[in-house]
Amino acid sequence: MTAAHIAFAAFALITVVSAFVVASHRSIVHSAFGLFFTFFGVAGLYLTLGADFVMAAQILIYVGGIMVLLLFGVMLTPSRRSDFVPARFLRALTLGAIVLVGLLWVLKNAHWATQELASPESTIDEIGRQLLTREQYLLPFEVVSVLLLAALIGAAYLARRRKIVD
Amino acid sequence: MDGIPIHFYLGVSALLFFLGLVTILARRNLVYILLGVELILNAASLNFVTFSRYGGNLDGQIVSIFVIILAAAEAAVALAIVLNIYNVFKNVDVDTPSELKN
């Protein structure tokens, strides 16, 4: 039982419990805040995996950006009744459990070719180099920036207030 | 990594995927479905980072950065669509827009 084990257990617990809150809570505001903690838990798991840059991106973009967008979505679309129907939830749990059993079966039986590594060091240098090297990820990097621009302009265009013509 | 088997991370990821799937299947509210999609994207991204760590190169981490960027684009566009649906139908039920069929 080392510090790494304890950190992993804590972050995994936060992630799974708050994801369960997302799936099962009656109030959508509570579910959205559950997702907030899920993102933090996943960021912590990235940290235990030695992925410092991905952790920072997760916190900045997911917690700082996407979460705020989703909260806007929750606040701007108030609905009177709760969406939670126990019968439907049980049906979804059953269907999901079938998929989960399949995933865990693969997880147990596959031979994972892992290798022992030295203790992790900062990955930021290497990620930056790979993102900006032409033979590696430069093209996807540029394409994704154009895609993001197009998506945000499109979203701003779609979401603007206008008269409904009927 | 220090002695934590890869199965633990993959198990957490599988649970996250399962919960996202349950969220999508059990709800009719479009915003809930977005929350479920975010859970599933996080599960996939966690898998990529795990394999990157245990496989010994950084490709998985870079893919997961792209996943995060695409999730941001997806959330922005999806929320714009959800707001439009709300303006027209006054609710965000996934079943309501089937009125578009005649």
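Beyond its neighbours within four places in sequence, T15(A) is in contact (heavy atoms within 4.5 Å) with T38(A), G41(A), V42(A) and L45(A) of its own chain and with V12(B) and L16(B) of chain B. T15(A) sits in helix 1 of chain A, residues 3-24; helices here are DSSP runs of H or I with at least four residues, strands are E runs of at least two, and both are numbered from the N terminus. T15(A) counts as buried because its relative accessibility is 0%, buried meaning under 20% relative accessible area, exposed over 50% and partly exposed in between, with a 1.4 Å probe and protein chains only. The side chain of T15(A) also reaches the backbone oxygen of F11(A), at 2.7 Å.

This is a predicted model, in which local features need pLDDT of at least 70 and side-chain atom pairs count only at pLDDT 80 or more, while totals for chains, interfaces and linings use all residues. Residues are numbered from 1 along each chain as its sequence is written, chains are lettered from A and ligands numbered from 1 in the order in which they are written, and side-chain values use heavy atoms, with hydrogens and water left out.

Next, the core. A nonpolar core is a set of buried Ala, Val, Leu, Ile, Met, Phe, Trp, Tyr and Cys residues joined through side-chain atoms within 4.5 Å. The largest one has 71 residues, and L35(A) and Y46(A) touch the most other members. Helices 1 to 5 of chain A and helices 1 to 3 of chain B each supply at least two residues of this core. Helix 3 of chain B gives the largest share, 13 residues. Domain 1 (1-99) and domain 2 (122-166) of chain A both contribute, so the core lies between them; the domain bounds come from an automatic or database domain assignment. Leaving aside neighbours within four places in sequence, Y46(A) is in contact with residues of both chains, including V54(A), M55(A), L46(B) and V49(B).

What secondary structure does chain A have? There are six helices and zero strands. Chain A has a radius of gyration of 21 Å, well over the 15 Å that the globule rule gives for 166 residues, so it is more spread out than a compact globule; the radius is taken over C-alpha atoms, and the rule is 2.2 Å times the number of residues to the power 0.38. Its C-alpha trace spans about 65 × 45 × 30 Å along the principal axes. Of the 166 residues of chain A, 33% count as buried.

Notes. A polar contact is a pair of N or O atoms within 3.5 Å; within protein, one must be able to donate a hydrogen and the other to accept it, and residues adjacent in sequence count only if both atoms are side-chain atoms.
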